[in-house]
Every structure is written in C-alpha cells, then in structure tokens.
Amino acid sequence: MSSIRLIVALGLAAGLAAPQGALALSLQEAIALAQRNNPGLAQTKAQTEVAEARLAQARAGRLPALTLSGEAGQGTTDLGGFFGFGQADVSPRAAALELRQPLFTGGAVSAAIERARQGREAALAQAGGAKALLAAQAAEAYVAVLSAREILALNEAQVRQMSEIADQAGWRFKGGETPRSDLAQSQARLAEARAGLARASGDFARTRAHFASVVGVEPNSLELLPAPPSIPPSLDEAMAKAMQSSPALIAAQAQARAAEAGVRYAGAERLPSLALTATASSVRDQFFPGYSADGMTVGVQGRWTLFAGGLINGRVAEARAEARGAQSAVESARAQIREAVIGAWEDIQTSRALVEAAADRASAATIALESVRHEVRVGQKPTLDLLDAERDALAAQSAGVAARGAAVAAAYHLNALLNGE
C-alpha cells in the first residue's frame with residue numbers, strides 16, 4: 001500500500017469519526033477564530049496602539065504650542081495713601097496667550113521621534129510574530145484533536161477485536177482445542193486494549209480542552225487533516241528568509257535602533273535649546289485700583305544647562321549601557337532563531353520520513369495480521385501470535401496518525417519563525 005493510499009484511508013477514518021449534522025470547521029477557520037478571540041493577541045495589539053500614541057507624542061515636539069493662562073480674584077488693598085490711594089476693594093485678573101515654536105532642541109525632538117518610531121516597528125513585529133505563533137498553536141491543537149480522535153477510534157476497534165479473540169479462545173478452551181494459557185493471554189491482551197482505550201479517551205478529552213482554550217470554540221466537527229503549508233525548498237533558503245523577516249529578529253533590531261536614539265536624546269540635554277515665542281497679555285487691578293495693562297511681545301527664549309551635578313552624564317551613561325544591551329539582544333536573537341529554524345526544519349524532515357516509514361510499517365503490519373489470522377484459524381500458529389499481530393497493527397496505524405499530524409504542525413511552526421502575519 002502506498003503512503004498516499006494510507007493517508008487517504010486514515011483520513012476517511014477520521015471523517016467517519018466526525019460528528020454529523022454540523023458544518024465542519026476548517027483549519028484556516030480555526031486559526032482565524034483563535035486570532036480573533038485570543039486575549040494574548042489582544043494585549044499585543046494594545047501594545048502597538050501604545051507605541052503609535054508615543055510616536056504621535058514625539059512628533060508633537062516639532063509643532064507649535066498655544067497656551068492660554070489666566071487668573072482672577074477678589075480682595076482688598078490698602079496702599080496707605082501712596083499715590084493717593086487708600087484702602088479699596090479690587091478685582092485683580094490677568095490673562096495671557098502664548099504661542100511657542102521650538103527652533104532648536106539639540107536633536108532631542110528628532111531623537112525622540114526616532115526612538116518612538118523604532119519602538120512602533122518593534123511592537124508591530126512582535127504583534128506579527130505573536131499572530132503567526134498563535135496560528136501554529138491553533139494548527140497544532142487542530143491536528144492534535146484529529147489525531148487523538150482517530151487513535152481513539154483505532155483503540156475502540158482494537159478492543160472489539162480483542163474481545164472477539166478472547167471469546168474465541170474461551171470457546172476453543174472449553175472444547176479442548178487450546179490450552180488455558182491461550183485463554184489467559186487473550187484475556188490479558190483484552191485488558192491491555194481496554195487500558196489503551198482509556199488512555200486514548202483521556203488524550204482525546206485533553207486535546208479537546210486545549211483546542212477550546214486556544215481557538216475559543218469546541219472542536220465538535222472538524223474537516224479532514226489538510227496538507228502541510230508550503231515551506232522554503234531548502235534549509236539555506238529558510239535560514240536566509242528567517243534572517244531577513246523573522247519577527248523576533250526584526251523586533252530586536254528595532255529595539256536596538258530605539259536604544260541608539262535614546263543615547264542621542266540623553267546627549268541632547270548638554271546642548272542649548274531655542275524657541276520662538278509670541279505672547280499677548282491683559283492685566284487688571286494687578287497693583288492698585290484702576291490699574292490696567294495690555295501688551296504683546298515677540299521674542300526668542302533660550303535655555304542651556306551648564307552644570308547639573310552629573311545628572312546628564314548619568315543619563316547618557318545609562319542610555320549607552322541600554323544600547324549595548326539591546327545590540328547584544330540582537331546577536332542573541334540571531335543565534336536563537338538560527339537554532340530554532342534548524343530544529344523546525346529537521347522536525348519537518350523527520351516527520352516526512354516518519355510518514356513514509358509509518359505507511360510502510362502499517363502496510364506490512366496489515367498484511368502480516370491477515371496472514372496470522374488465517375494461520376491461527378487453521379491451527380498453524382498459536383493465539384498469542386494473533387494477539388501480537390493485532391498489537392503491532394494498532395501501533396503502526398497510530399504511528400501513522402501521529403506522523404501525519406506532526407508534519408502539518410511542524411510546517412506551521414517553521415513558518416511562524418520565518419515571518420509574521
């Protein structure tokens with residue numbers, strides 16, 4: 001039996017085990033549901049919105065600021081006869097409108113904008129990586145449910161077959177055709193099959209619970225296992241793509257650039273700053289009854305910190321240390337991605353080989369089982385050989401199910417490492 005025929009046969013078994021009367025959920029639909037409902041993904045989206053807001057704040061540093069200030073009060077003043085004024089009730093009030101346009105900030109505004117821009121790039125890359133990773137997790141959960149359901153069906157069939165063999169062994173023992181050992185062995189294998197069924201049932205329940213946790217819905221009806229998604233044709237191409245578009249590496253590089261901008265921002269405090277200002281003001285009763293003054297001024301304001309007790313130097317040193325740490329994080333990310341891509345690639349190659357080997361194993365085990373059944377029926381072999389053949393057939397079929405599922409999950413995992421969505 002070819003590997004393609006085995007995959008089709010096992011896929012049909014999974015389809016027969018699926019509940020009827022409900023619209024089957026495809027893998028892509030499951031991934032979309034997971035990405036829509038996952039709270040962790042919502043958190044990363046909120047972080048990108050925070051980064052966007054920080055960028056908007058940084059860009060505002062280049063724009064003019066218009067400030068309106070004012071004050072009003074009620075009281076009594078006594079000038080003691082000075083200028084002819086004695087005690088009087090006054091209503092002091094003042095208002096000022098100031099327009100301020102930064103002219104030079106020593107590079108602080110540009111550095112702040114660059115730092116915020118790179119922070120946004122890092123947040124977007126992290127969000128894309130989280131989305132791709134969630135797609136891989138949803139695919140793994142989807143595959144796990146299908147595999148567990150199919151293995152459960154195989155174990156149920158195994159229990160039925162072992163029950164039939166045990167019944168036949170009992171009849172043949174009563175007829176004096178076989179020794180008691182054959183009956184005891186068949187009963188022991190039946191108990192073993194029931195234990196395997198209990199394990200398979202528990203595994204199926206756990207995979208369903210995990211699927212509901214990842215995707216957000218119950219896996220009541222799933223489509224057949226799809227083919228693995230496309231991947232690069234070689235490890236070298238996969239590695240090159242990872243080094244160019246891996247979300248983790250893009251985020252680390254953006255964070256390193258943001259840290260470098262942070263060094264420039266801290267150093268800008270050593271330089272003077274200039275701003276163009278225009279102020280219109282109105283004052284009433286500020287000094288004595290009847291006083292009023294209206295005015296307008298246009299000028300330049302400057303500020304230069306000449307000595308700060310080491311505060312600025314400390315901030316620059318801190319920023320430089322953070323930049324060195326961020327650059328080290330980039331190198332660490334490269335090494336981790338290289339290791340992860342190689343591991344994922346080898347998982348795919350291994351799963352492909354296991355699928356082919358499992359197909360050959362299942363085909364041979366099926367042929368051997370049919371032969372042993374005939375030989376036991378005519379008395380050429382003992383019942384124990386049939387029990388062993390049944391066990392081998394179940395193990396081969398289960399290995400095939402697991403290998404096919406692992407191939408799909410491994411491909412999604414590799415793609416999550418290579419690029420975000």
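V90 touches G73, Q74, G75, T76, T77, D285 and P289, leaving aside residues up to four places away in sequence. Touching, or contact, means heavy atoms within 4.5 Å. The model is predicted, so local features need pLDDT of at least 70 and side-chain atom pairs count only at pLDDT 80 or more, while totals for chains, interfaces and linings use all residues. Residues are numbered from 1 along each chain as its sequence is written, and side-chain values use heavy atoms, with hydrogens and water left out.

V90 is found in strand β3, which covers residues 87–90. Helices (H or I, at least four residues) and strands (E, at least two) are DSSP runs, numbered from the N terminus. The relative accessible area of V90 is 9%, and therefore V90 is buried. Buried means under 20% relative accessible area, exposed means over 50%, and partly exposed lies in between (1.4 Å probe, protein chains only). R284 stands 194 residues from V90 along the chain. The C-alpha atoms of V90 and R284 are separated by 9.2 Å.

The protein chain as a whole holds nine helices and six strands. It has 421 residues, and 37% of them are buried. Among contacts in the chain with a separation of 6 or more, 82% join residues 24 or more positions apart. The protein chain exposes about 23,000 Å². Carbon and sulfur atoms supply 56% of that area. Accessible areas come from the Shrake-Rupley method with a 1.4 Å probe; for residues, only the protein chains shown count as cover.

Two packed helices are described by the angle between their axes and the distance between the axes. Helix α2 (residues 27–37) packs against helix α5 (residues 180–215) at an angle of about 60°. The axes of α2 and α5 are 7 Å apart. That angle makes α2 oblique to α5. Axes are lines fitted to C-alpha atoms, for helices over the stretch in contact, and angles run from 0 to 180 degrees between N-to-C directions. Angles under 35 degrees count as roughly parallel, over 145 as roughly antiparallel, 65 to 115 as roughly perpendicular and the rest as oblique.

From α2, the residues A30, L33, A34 and N37 meet F211, V214 and V215 in α5. The residues of this contact divide into six nonpolar, one polar and no charged. Here Ala, Val, Leu, Ile, Met, Phe, Trp, Tyr, Cys and Pro count as nonpolar, Asp, Glu, Lys and Arg as charged, and the others, Gly among them, as polar.

N38 lies in the loop between α2 and α3 (39–59). N38 has a relative accessible area of 19%, so this residue is buried. The side chain of N38 reaches the backbone nitrogen of G40 at 3.0 Å. Such a polar contact is a pair of N or O atoms within 3.5 Å; within protein, one must be able to donate a hydrogen and the other to accept it, and residues adjacent in sequence count only if both atoms are side-chain atoms. N38 also touches L134 and V214, not counting residues up to four places away in sequence.

Helix α3 includes V50 and A56. V50 is partly exposed, with a relative accessible area of 40%. A56 is partly exposed at 48% relative accessibility. V50 and G119 are 69 residues apart in sequence, and their C-alpha atoms are 9.7 Å apart in space. A56 and R117 are 61 residues apart in sequence, with 9.3 Å from C-alpha to C-alpha.

Helix α8 spans residues 311–377 and contains D347. At 45% relative accessibility, D347 counts as partly exposed. D347 and A406 are 59 residues apart along the chain, and their C-alpha atoms are separated by 8.3 Å.

R404 has its place in helix α9 (residues 383–418). R404 counts as buried because its relative accessibility is 9%. The side chain of R404 makes a polar contact with the side chain of E150, at 3.3 Å.
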